[in-house]
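Visitor: I have a model open and want to go through it with you. Can we start with the pockets and take the rest as it comes?

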Amino acid sequence: MIELTARSPFNGTLPLSVGALNLSQVDAGQMTALSPRKGQGKALASAFKQAHGIAWPGPGRISGREGCRALWFGHSHVLLMGPVPDATLCQHAAMVDQSDAWGVVRIEGAGVRDALARLTPLDLRETQFKRGHTARSEIADMPASVTRIGAQSYQVMVFRAMAGTLVEEIEVAMRGVAARAGGCDHAIGNHD
Amino acid sequence: MRITCPICGERDRREFHYQGAAVALDRPAPDAGAESWDDYLHNRENPAGPTRELWHHEAGCGAWLVVTRDTVTHEMQGSELASALQEADS
């Protein structure tokens with residue numbers, strides 16, 4: 001039998017620190033997209049809550065916590081991150097395993113919003129994009145999911161095939177922010 | 001240019017893909033005749049003023065929208081989910 005070794009979408013390029021900002025890989029575990037069948041939205045929301053103990057998130061919101069989290073993931077679309085989905089939910093939802101389809105990173109540190117603002121058209125201002133908010137948008141022209149996890153911490157997801165470009169683009173943005181904050185040329189390309 | 005998505009709120013135009021006039025929602029019956037089908041497939045108005053058109057929130061939530069836009073001023077006058085309009089019709 002052939003033994004296959006799972007490889008990270010980021011292939012050893014992370015973690016990465018530039019100035020005050022850190023970029024790291026998130027091992028999200030099982031990821032499943034759930035879409036309600038026609039007319040099953042309410043039934044699915046309550047079955048989901050019963051099965052996993054977390055709310056079915058409304059548009060632009062997340063629920064749960066690290067290890068068992070639900071992300072609003074688009075029109076009629078929620079992504080469950082962490083647990084294997086309860087099989088009985090398939091009565092109400094189409095479920096698709098997306099575990100290998102996404103590269104997931106966390107970017108955090110003082111000035112993180114300035115770095116992201118260089119890459120996405122989203123309105124990230126404090127009053128508009130709060131902790132627990134999520135959006136589907138673009139990061140450096142790539143389709144992405146952006147979630148605010150903490151005051152200075154965001155989760156960014158892109159299709160796995162774009163993971164390398166994501167790291168490059170975020171690194172350049174982080175260098176720009178660090179340079180603005182008082183220069184730190186020595187930090188360029190500092191993979192630690 | 002900013003477009004208001006009924007689900008996501010006001011977003012940058014670059015998240016959206018333009019499909020064309022919102023005639024796709026008024027598909028003629030299969031036996032409606034050649035003239036109706038010719039209109040549906042090929043003939044378009046070119047109005048100066050408010051126009052209903054289909055936009056796809058491609059890099060956002062993925063919903064299809066019917067957006068009313070003034071072609072003279074580019075003012076965005078409103079948007080609705082295409083799926084909601086279809087359900088209201090049927």
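**Pocket, interface, chains**

Guide: The largest pocket is lined by 19 residues, and those nearest its centre are Ala21(B), Val23(B), Arg44(B), Glu45(B) and Thr51(B). Keep in mind that this is a predicted model.

Visitor: How much space lies in the largest pocket?

Guide: About 380 Å³.

Visitor: Which elements give two or more residues to its lining?

Guide: They are β3 (17-21), α1 (34-41) and β4 (50-56), each of them in chain B.

Visitor: And how does the lining of the largest pocket divide by class?

Guide: Seven residues are nonpolar, five are polar and seven are charged.

Visitor: Back up a bit. What pattern does chain B follow along the sequence?

Guide: The order is β-β-β-α-β-β-β-α, which gives two helices and six strands. The C-alpha trace of chain B spans about 40 × 30 × 20 Å along its principal axes.

Visitor: Where does Trp37(B) lie?

Guide: Trp37(B) is in helix α1 of chain B. Setting aside neighbours within four places in sequence, Trp37(B) is in contact with Arg27(B), Pro28(B), Ala29(B), Pro30(B) and Ala32(B). Thr4(B) is 33 residues from Trp37(B) along the chain, and their C-alpha atoms are separated by 32 Å.

Visitor: Now the interface. What area do chain B and chain A bury between them?

Guide: About 980 Å², with 58% of it on carbon and sulfur atoms. Of the area that chain B buries against chain A, 40% is supplied by Ile7(B), Arg14(B) and Ala59(B), more than by any other three residues.

Visitor: How many residues does the contact take from each chain?

Guide: Chain B gives 14 residues and chain A gives 11 residues.

Visitor: What about polar contacts and salt bridges between the two chains?

Guide: Four residue pairs are in polar contact between chain B and chain A, counting pairs with both residues at pLDDT 80 or more. The number of salt bridges across this interface is zero.

Visitor: Which elements of chain B supply at least two residues of the side that touches chain A?

Guide: Two elements do: β2 (9-12) and α2 (82-89). By class, the residues on that side of chain B are six nonpolar, two polar and six charged.

Visitor: How many salt bridges are there over all chains, then?

Guide: The search of the whole structure finds eight. One of them pairs Arg106(A) with Glu66(A), where the closest N and O atoms are 2.9 Å apart.

Visitor: Which parts does that pair tie together?

Guide: Arg106(A) lies in strand β8 (residues 102-108) of chain A, while Glu66(A) is in the loop between β4 (62-65) and β5 (68-72) of chain A, so the pair ties together parts that are 40 residues apart in sequence.

Visitor: Last topic, backbone geometry. Which residues does a cis peptide bond join?

Guide: Leu14(A) and Pro15(A), with omega at about 5 degrees. Pro15(A) is found in the segment before β1 (16-18) of chain A.

Visitor: And what is the phi of Asn11(A)?

Guide: About 50 degrees, a positive value although Asn11(A) is not a glycine. Asn11(A) is also found in the segment before β1 of chain A.

Visitor: Why flag those two things?

Guide: Most residues other than glycine have a negative phi, and most peptide bonds are trans.

Technical notes:
Residues are numbered from 1 along each chain as its sequence is written. Chains are lettered from A and ligands numbered from 1 in the order in which they are written. This is a predicted model: local features need pLDDT of at least 70, side-chain atom pairs count only at pLDDT 80 or more; totals for chains, interfaces and linings use all residues. Side-chain values use heavy atoms; hydrogens and water are left out. Contact means heavy atoms within 4.5 Å. Buried area is the accessible area (1.4 Å probe) that two parts lose on being put together, summed over both. A salt bridge is a side-chain nitrogen of Lys or Arg within 4 Å of a carboxyl oxygen of Asp or Glu. A polar contact is a pair of N or O atoms within 3.5 Å; within protein, one must be able to donate a hydrogen and the other to accept it, and residues adjacent in sequence count only if both atoms are side-chain atoms. Helices (H or I, at least four residues) and strands (E, at least two) are DSSP runs, numbered from the N terminus. Ala, Val, Leu, Ile, Met, Phe, Trp, Tyr, Cys and Pro count as nonpolar, Asp, Glu, Lys and Arg as charged, and the others, Gly among them, as polar. On a 1 Å grid over the protein atoms alone, a cavity is a set of points where a 1.4 Å probe fits but cannot get out, and a pocket is an open set with protein on both sides within 12 Å along at least five of seven lines; lining residues have an atom within 4 Å of a point. Grid points are joined across faces, edges and corners, and a volume is the space filled by probe spheres set on the points.
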